[in-house]
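Hello,

Here is the structure I said I would hand over. Please look through it first; my notes on what was found follow below.

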Amino acid sequence: MTDEVLVVAGAVLDGGRLLLAQRDRPAELAGLWELPGGKVEPGESPAQALVRELCEELDVSVSVGDSLAGVVRPKPGLTLVAMRATIVSGTVRAVEHRALRWVDADGLSELIQTGSMVPNDLAWARELMGELQVR
Ligand code: 523
């Protein structure tokens, strides 16, 4: 069906920290933190879409790894998946977001506990929390 929207988000982990991006829109999500990404366009694989989105949003080139376990279906017609991504060139900058930050386990935990994460991303945040903690 053409009205099925798939969103792919990137779990960028580097040196024991996770990259988070602060949304600027829409109003109900503005100020909240997410794994950066966006909609998969017709003809793209999720990995291709993630490479494009992170280039557009963060101004970096990434290589895409495996998917996280969590698949989020917040409403009919919308599915969100997350894939690991490694920066292969460039330095992240907030092209479309309000801000970027690298968080360790404590930083991520605080964002979760203060309700500062985009709600859909909590599934992945908790999953990634375990990985940040074992380091
Ligand atoms: N999410 C979400 N978490 C998350 C992303 C990247 C997206 O919950 N980590 C949701 C927010 C929107 C939808 O997925 O409801 C589309 O995300 P968006 O706006 O980042 O996708 P874009 O940039 O492809 O969308 P438009 O350019 O606005 O069409």
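**Backbone and ligand notes**

Asp 59 has a relative accessibility of 37%, so this residue counts as partly exposed. Please keep in mind that the model is predicted.

Asp 59 lies in the loop between helix H1 (46-58) and strand S5 (61-67). Its phi is near 65 degrees, which is positive although the residue is not glycine. For background, most residues other than glycine have a negative phi, and most peptide bonds are trans.

The peptide bond leading from Arg 25 to Pro 26 is cis, and its omega is near -15 degrees.

The ligand is found in the largest pocket. Two elements, strand S1 (5-14) and strand S4 (37-39), each give two or more residues to the shell around the ligand. Of these, S4 gives the most, with 3 residues. By type, the shell holds 5 nonpolar, 3 polar and 6 charged residues.

There are 14 residues around the ligand, and those that come nearest are Arg 23, Leu 35, Lys 39, Asn 120 and Asp 121.

- Lys 39, at 2.8 Å
- Arg 23, where a polar side-chain atom is 3.1 Å away
- Glu 53, at 3.4 Å

On its own, the ligand has 600 Å² of accessible area, and the protein covers 76% of that.

Regards

Key. Residues are numbered from 1 along each chain as its sequence is written. This is a predicted model: local features need pLDDT of at least 70, side-chain atom pairs count only at pLDDT 80 or more; totals for chains, interfaces and linings use all residues. Side-chain values use heavy atoms; hydrogens and water are left out. A residue is near a molecule or strand if one of its heavy atoms lies within 4 Å of it. A polar contact is a pair of N or O atoms within 3.5 Å; within protein, one must be able to donate a hydrogen and the other to accept it, and residues adjacent in sequence count only if both atoms are side-chain atoms. Accessible areas come from the Shrake-Rupley method with a 1.4 Å probe; for residues, only the protein chains shown count as cover. On a 1 Å grid over the protein atoms alone, a cavity is a set of points where a 1.4 Å probe fits but cannot get out, and a pocket is an open set with protein on both sides within 12 Å along at least five of seven lines; lining residues have an atom within 4 Å of a point. A molecule sits in a cavity or pocket if more than half of its atoms lie within 2 Å of its grid points. Helices (H or I, at least four residues) and strands (E, at least two) are DSSP runs, numbered from the N terminus. Ala, Val, Leu, Ile, Met, Phe, Trp, Tyr, Cys and Pro count as nonpolar, Asp, Glu, Lys and Arg as charged, and the others, Gly among them, as polar. Buried means under 20% relative accessible area, exposed over 50%, partly exposed in between (1.4 Å probe, protein chains only).
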